[in-house]
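Notebook, structure look-up. I wanted to go through some side-chain neighbours and ring pairs.

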Amino acid sequence: MKIAIQQNKISIGEKYKIYLNKEKVYFASSMPFRFLSIINLFKEMESRPRIVLKKRWSWFETKYDIFRNDHEKLEFRTISVWKNHHKCRVGQDYYEVFGHRGKKYSVFKNNNQIAFWDKNTVVWFEGDNYVITANNDCDIELIISFCLIIDNKSENGSSNGNAFTIDLGNIGFEARKFDVNWKPK
């Protein structure tokens, strides 16, 4: 399955249009005027968020609490800042998100790859675009949440107002190499 996320940066926050196999199914928006970001993920035609992402204070690590609409609280945390490696436990399942050289990220569930995404290099006026390739049976909302967290933690509002930006991606260390041979199920 393909999930496309199109970011639209506006002066008081960010909005995302999210497509599943080219059909708009979700949208997300950040809450304006917050010291620590809060992003709400909605399903089309619903007014109550499916997931709320709340950034937590941290010096260098990425810390977000993920709240599902059934009030389940999940913790997205950094394992290694230097290797761009993150984790999230969901019940008995253990998710890991690995940043790779360039702009790719891979998502693993219980040590098996279930998804990856790539990001555009050049941005004109609008915002970042992501294309997620994922297994058909994965938790779509969770994978989208991971991508939104990585986007939010890396942006920090730095490119708001810029007409043109170039992102060359990660040039540092990586905890796991990108598997160019992985195919979704």
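Which residue lies over the face of phenylalanine 108? I found arginine 176 there, at 4.0 Å from the ring centre. I count a charge as over a ring if NZ of Lys or CZ of Arg is within 6 Å of the ring centre and within 35 degrees of the ring normal. I also noted the charged end of lysine 54 over the ring of phenylalanine 67, 5.3 Å from its centre.

The model is predicted, so local features need pLDDT of at least 70 and side-chain atom pairs pLDDT 80 or more, while totals for chains, interfaces and linings use all residues. Residues are numbered from 1 along each chain as its sequence is written, and side-chain values use heavy atoms, without hydrogens and water.

Next I looked up ring pairs (Phe, Tyr and Trp, the last by its six-membered ring, with centres within 6.5 Å; planes under 30 degrees apart are stacked, over 60 edge-to-face, the rest tilted). The count comes to nine aromatic pairs. Tryptophan 57 and tryptophan 59 pair edge-to-face, 5.4 Å centre to centre with 65 degrees between the planes. Both are exposed, where exposed means over 50% relative accessible area, buried under 20% and partly exposed in between (1.4 Å probe, protein chains only).

Tyrosine 95 is in strand E9 (residues 93-99) and phenylalanine 146 in helix H1 (residues 140-155), so the pair ties together parts 51 residues apart in sequence. I took helices (H or I, at least four residues) and strands (E, at least two) as DSSP runs, numbered from the N terminus. Both residues are buried.
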